[in-house]
Amino acid sequence: MNCNMKRKLLYIIGGFLLTVATTSCVDMDRYPLDELSDGSFWKKPADAEDAVTDLYNTLPDEEVDDAINSDDAVHGIKWAAGNISRGVYDPGDFGWKDLYGGIRRANLVFTKIGNISNYPEAEKNKVLGQAHFFRAMLYFQLIRNFGDVPYTESPLELKDQKQIERTPRAEVYKHVMADLDKAIAFLPEKWTGSNDGRITKGAALALKARAALYYKEWATAADAAKKVIDSSVYDLYDKENTGKYAELFWEKTENCEEVILARQYKANDRSRYLIGWECFPTLGWGGINPTQSLVDAFEDIHGAPIAKSKVYDPKNPFANRDPRLEVNVLHDGEVMYGVTIKVSPLKSCAPTGIAQHGDATATGYYQQKWLDPAIHPEKQGWNMGKDAVIIRYAEVLLTYAEALNETSPLDDKAFEAVNKVRSRVGMPPLQKTNAALPTYCATQDDFRKRIWNERRVELAMEGGHRQWDIRRWDIAKTVLNAPFEGLSYELVNSDKALPGDDGKICILYQGKRLKLAGSKYEDHNYVYPIPQSERDLNKKLTQNPGYPQ
């Protein structure tokens, strides 16, 4: 089945559910399928399958914008930068209604599925496996965001929700792991036919590895990741390094062997606005602007950090670099969609130059990762069908490497895992035998830092990874409280200046770097504040330390 058919079928199922809600005068957010009469619903297997299909609407949307909540990027669309990116954690800005709405719908599946008679056990378990996955995913997001949160396995009525107290994070985490174990047991490795695109055993294992990694359960994370690897269901796209890495982020590679979990879209029916929001390079509209810190994280072609490189030229900084830099960062002189990008702040470089208008780049760079050459940004960028990839195989390999290095320092299998990710783009392998090479890792901490950097460059601006990684690595205070920087340039008087530029020309990659405001982070920001709106409704909800009580 091709990807477009897959998305269309999933969308039609979702559309059916919406039709039921509309014709029954039901608000799906407040009164999900349980409010439909038991005489007309929850009577046949298709009802349970429709109910669990509705849970796919709770999948996150890749969270590309979350890059601005880290040191990887700032928002070029200045009005769209949220308070978190500025280091402001106002309890009034936060909410969890949608997450708990999804949990309630999952709990309904467990509560109501017993009403269905003659339900073949194997098919019933597939539905239950999906429900277990979604409940685990949503509770993991809640505890990662807020720490201790209310926990329930019942579809509570509103009056009951006002009485529930917070459950310790560690206890909720145990429930998350239990749900994922049930999902792993119940779900198939692959779905076939019209069910292609649903949650698989591999997705449940990968989420278990991600959650365990976040809470430093190293052995659990390594074990879950290894099971995904050993399943042989997934692989890296273009693992032979034929130069197609950029295609991994284009629509043509949807449902390729690297994708473990994705939220599905279809242009015109279930559209996504990724290009239009993230970067209109022809107009200088840049939603996500990579920082100099991210640009500098990409090694030279020999595997040396640029601070130690023998081939890095600060006046020609994109030469002799990790190929992934060009895939992620659109910079001065590149041609995209027939337009040559010019990032000088001079008027002659409008509209793509620094600060040429309110939505122009703030750093001198534009995001490039999802700029699909087959999609014209001004015609289709607001109406595209690119799936939002939530988990891909490269993350699993890096999770395995990191977790294994913590339990078994400098383990050969950890090197093997991270080097698969590197070799796919032609980067030399990290190693522990030749101290003369820049890829040498002498200690566990050396290797740890190289794995951290590999996560940063491989998963750059994807899924909010960096925001959560810097928290769990305990470096958020260091990297967020330092000023952010953009590229360097110097304006000099010259008879070569163009009209309107006041007799000046711009020399890029020379002079002082652009200085930006950066963010702010204190230790208690490791978790967000409990939403004020929820505390207003439920007086039993306490606030996290460090926030207004």
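## Cavities and a helix pair in a predicted model

The structure holds eleven cavities of 30 Å³ or more. A cavity here is a set of points, on a 1 Å grid over the protein atoms alone, where a 1.4 Å probe fits but cannot get out. Its volume is the space filled by probe spheres set on the points, and grid points are joined across faces, edges and corners.

This is a predicted model, in which local features need pLDDT of at least 70 and side-chain atom pairs count only at pLDDT 80 or more, while totals for chains, interfaces and linings use all residues. Residues are numbered from 1 along each chain as its sequence is written, and side-chain values use heavy atoms, with hydrogens and water left out.

The two cavities below are described with their lining residues, which have an atom within 4 Å of a point. Residue classes are nonpolar (Ala, Val, Leu, Ile, Met, Phe, Trp, Tyr, Cys and Pro), charged (Asp, Glu, Lys and Arg) and polar (the others, Gly among them).

| Cavity | Volume | Lining by class |
|---|---|---|
| Largest cavity | about 150 Å³ | nine nonpolar, two polar and four charged residues |
| Second largest cavity | about 120 Å³ | four nonpolar, four polar and six charged residues |

In the largest cavity, 15 residues form the lining, and Pro60, Glu63, Gln141, Arg210 and Ile390 are the closest to the centre. At least two lining residues come from each of helix H5 (121-146), H8 and strand E10 (388-392). H5 gives the largest share, five residues. Helices (H or I, at least four residues) and strands (E, at least two) are DSSP runs numbered from the N terminus.

Around the second largest cavity there are 14 lining residues, and those nearest its centre are Arg144, Arg210, Arg455, His465 and Asp469. H5, H8, helix H14 (393-407) and helix H17 (465-472) each supply at least two of the lining residues. Here the largest share, four residues, belongs to H17.

H8 also packs against another helix. The axes of H8 (residues 201-214) and H9 (residues 218-231) come within 8 Å and cross at roughly 155 degrees. H8 is therefore roughly antiparallel to H9, a term for angles over 145 degrees. Axes are lines fitted to C-alpha atoms, for helices over the stretch in contact, and angles run from 0 to 180 degrees between N-to-C directions.

On the H8 side, the residues in contact (heavy atoms within 4.5 Å) are Gly202, Leu205, Ala206, Lys208, Ala209, Ala212 and Leu213, and they meet Trp218, Thr220, Ala221, Ala224, Ala225, Lys227 and Val228 in H9. By class, the contact has ten nonpolar, two polar and two charged residues.

Key
Parallel < 35°, antiparallel > 145°, perpendicular 65-115°, else oblique. 1 Å grid on protein atoms, 1.4 Å probe; cavity = no way out; pocket = protein on both sides within 12 Å on 5 of 7 lines; lining within 4 Å.
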